[in-house]
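Subject: Structure handover and findings

Dear colleague,

Here is the two-chain structure for your files. My notes follow below it.

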Amino acid sequence: MSSVVRTRVRGSRRIAGDWLLTLPLSVFFLAFVAVPLALLAAISLHNDAAMTHAGLHQYARFFSDSYNRGILWSTLGLGVWTTASCIVLGYPVAWLYVSSSAHWRRPLLLCILLPLLTSSVVRTFAWVVILGNEGLVNQVLAALGLIGSPVKLLYTPAAVVLSLAQIELPLMVLPLATALSAIDPRLSEASHALGASPWRTWWRVTLPLSVPGLLSGTLLVFTGAVSAFVVQTLVGGGQLMYMPFYIYQQAIQSQDYPFAAAIAMILLVSILVMVTLLNYGGRKTKGFIHG
Amino acid sequence: MSKIDLDRRRIVQALGALGAVGLPLSGVIGNAYAAESLAATTFPGAWEESHRKILLPAFRKATGQSATLTASQAVDTLTKLTGARANPPFDVVMMDEGPYLIGVSQGLFEPMPTSKVPNLADLPAKFIDPKGLGAYTSGQVYGIAYNTEKIKQAPTSWNDLLKPQFKGRVGLVGLDSTLGLVWMVALAKMLGGDEAHMDPAFDFIRRLMPNVGAVAANPGALGTLFQQGQIDISCHYINNVESLKAKGVPVALARPASNWGLVRSTMNIVKNTKMADLAAAYINTALSAEVQQQMTAAPYFVAPTNTKVPFGGALAQIAQSSSELESFVQVDWAKLNPLRAGYIDRFNREVKV
């Protein structure tokens, strides 16, 4: 029996066999991602909540209203700000990790991964406690005599960006560290030898070579931030509206499935556009590096 | 001995162990199916806790059967039921008034076999669905919750929330929740409007906005806001206020001049259930005087619907009997439901920062 299997694997059907291995995942993907997505798209193409008339009304309704467009922009803006914060905060950490000795890498890696090891609900509640009117930040500021009455920190867009940046940071640092450690150290040595300053070396050699890591990190952080329902709702409160909660509200509370489906499709397409642009940017930089 | 052989032996051992574990396990699963556990829903939080502690043991005692409890908000339950009409995931569900009426209009519930629910006799007629599609098993009272340390003089009216001294201290709860909606209707009624004429309530909110410190996404978050000193005054349910009090938070509930508000919840038998009789027995247990009596006690303070249950503890300061509950501010959900989506949308826009 086993010899038969072995011959088959060794034979010309090996490639076909490899494809066959992806069959379970393909079937799973088809049944639980592709089909539901098609259903979602179909639901969004109905003009009324009872789903009796087909049409594009829900999309027109979304885009003709500045309130809805505002929600889309602030959601995408949240993704951009979170990604930018993660790059600014994460690049030095990734750099430190790559340039430190093997002895220090282990504790550093643990520190980097720490946010991923606690539940996102717990981390989010921690931010709610820290940023509240009687929270850590306000108490410290008041004790130092810097403020008379509490500053409003919680339920502001900045608070959402801050807590998302902390939660998503490992997803930026890890691909960055991988990309940075793959860079041949002799390249920067050569740059130094040719008279470039450390900053110039970083700007002209290291940064362009770390772009692939930066791009995959951006992809992970951006998609994570725009769809972070729990953080957006708990830290953002009831006055800040983002797309994920809007979808939930329209589907579950207002029982308006077509509109909710349309919002979901619009969010999906917006993210896809961002991802495509990033991939395009990635290909451009590769050309730049090799050219 | 080669490494492969060793591995093979381990695999055989592991398989044997699995089989040994699996045998009794399959027995357990088989038994569980044989016992036909009833699938019921409850609301998350204190509701789930009270139902596990009080309702489930009473149900087991009364029927000798067990029930599996799933915590699910009424609107979420509604979605789960409409998603699987022919083969519903639950046999009996707990609903808020609004979602219950939507369920009735969508034909999701089955009439209760009244002979199997003798405790219906102890309920005021108003607490039973006219077509027998469910019964009100409990009520929750809401009023003005306030921080007793920061607000020395107890508020007496919803209008007190507009006082300039509460600038940045008032909490709101979104219209996504039942509490947010019923409070808006209570405001409208106080100001001469009703379910279909909510302009006075929205006007009130507009004037209130300078005082609003935070808008909670749900009633649970409202409690957190009190706990953290983020807000000092808002509408809230008595049981949430009492449970905050028990945790040492300086908070109390005051009666608005326009009267207490009441939110009722129902239990309904789901259409196409295979255990209608057992579901009826479950509702009967929930309606029994013993269970409702225990639910009125600390820390739950659930208002009973069974007329035989005396009002004790914190509830006694609010009402003396379930017929008195009838006089509290209530909402005509049949009128409100079709307008709900529009009000949610309007609220979104008007409280936006």
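This is a predicted model: local features need pLDDT of at least 70, side-chain atom pairs count only at pLDDT 80 or more; totals for chains, interfaces and linings use all residues.

Along strand β9 (residues 251-254) of chain B, which side chains point to one face and which to the other? Val251(B) and Leu253(B) are on one face and are buried.

One of the pairings is Tyr146(B) with Ala252(B).

Domains of chain B

Chain B is divided into domain 1 (37-139 + 263-320) and domain 2 (140-261 + 334-350). Their C-alpha centres are 27 Å apart. Where the two domains of chain B touch, domain 1 puts in 16 residues and domain 2 puts in 16 residues. On the domain 1 side, helix α4 (residues 97-105) of chain B gives the most, with three residues. That side is made up of 12 nonpolar, three polar and one charged residues.

Asn272(B) has a positive phi of about 75° although it is not a glycine. The residue is in the loop between β10 (261-270) and α9 (276-287) of chain B. With 14 other C-beta atoms within 10 Å, Asn272(B) is partly exposed.

Chain A overall

The secondary structure of chain A consists of 15 helices and zero strands. Its radius of gyration is 24 Å, well over the 19 Å that the globule rule gives for 291 residues, so chain A is more spread out than a compact globule. The C-alpha trace of chain A spans about 75 × 65 × 45 Å along its principal axes. Of the 291 residues in chain A, 31% are buried. Taking contacts in chain A between residues at least 6 apart in sequence, 72% join residues at least 24 apart.

Leu40(A) and Ala264(A) are 224 residues apart in sequence, yet 8.2 Å apart in space, C-alpha to C-alpha. Not counting residues up to four places away in sequence, Leu40(A) touches Ala261(A), Ala264(A) and Met265(A). Leu40(A) is partly exposed, with 16 other C-beta atoms within 10 Å.

Why is helix α13 (residues 229-236) of chain A largely enclosed by the rest of the structure? Six of its eight residues are buried, so the helix is largely enclosed. The buried ones are Val231(A), Gln232(A), Thr233(A), Leu234(A), Val235(A) and Gly236(A). They pack against α7 (120-131), α9 (157-181) and α14 (243-253) of chain A. Just after α13(A) comes Gly237(A), with a positive phi of about 75°.

Further along, Gln255(A) is in the loop between α14 and α15 (257-290) of chain A. Its phi is near 55°, a positive value in a residue other than glycine. Gln255(A) is buried, having 20 other C-beta atoms within 10 Å.

Contact between the chains

The contact takes 19 residues from chain A and 21 residues from chain B. On the chain A side, α14(A) gives the most, with three residues. By class, that side has six nonpolar, 11 polar and two charged residues.

Ile252(A) is in helix α14 of chain A. Leaving aside its neighbours within four places in sequence, Ile252(A) is in contact with Val75(B), Asp76(B) and Thr79(B). Ile252(A) counts as partly exposed, with 17 C-beta neighbours inside 10 Å.

In soluble globular proteins, nonpolar side chains tend to be buried together. Here the largest nonpolar core has 156 residues, and those with the most contacts inside it are Ile263(A), Val92(B), Ala135(B), Met184(B), Tyr282(B) and Ile283(B). The largest share of this core, 14 residues, comes from α9(A). The core also draws at least three residues from each of domain 1 and domain 2 of chain B. Leaving aside its neighbours within four places in sequence, Tyr282(B) is in contact with Leu38(B), Ala40(B), Phe59(B), Ala67(B) and Val92(B).

Regards

Conventions. Residues are numbered from 1 along each chain as its sequence is written. Chains are lettered from A and ligands numbered from 1 in the order in which they are written. A residue is buried if 20 or more other C-beta atoms lie within 10 Å of its own, exposed if 12 or fewer, and partly exposed in between; C-beta atoms are placed from the backbone. Helices (H or I, at least four residues) and strands (E, at least two) are DSSP runs, numbered from the N terminus. Two residues are in contact if their C-beta atoms, placed from the backbone, lie within 7 Å. Ala, Val, Leu, Ile, Met, Phe, Trp, Tyr, Cys and Pro count as nonpolar, Asp, Glu, Lys and Arg as charged, and the others, Gly among them, as polar. A nonpolar core is a set of buried Ala, Val, Leu, Ile, Met, Phe, Trp, Tyr and Cys residues joined through C-beta atoms within 7 Å. Domain bounds come from an automatic or database domain assignment. The radius of gyration is taken over C-alpha atoms; the globule rule is 2.2 Å times the number of residues to the power 0.38. Two strands pair if DSSP finds at least two bridges between them.
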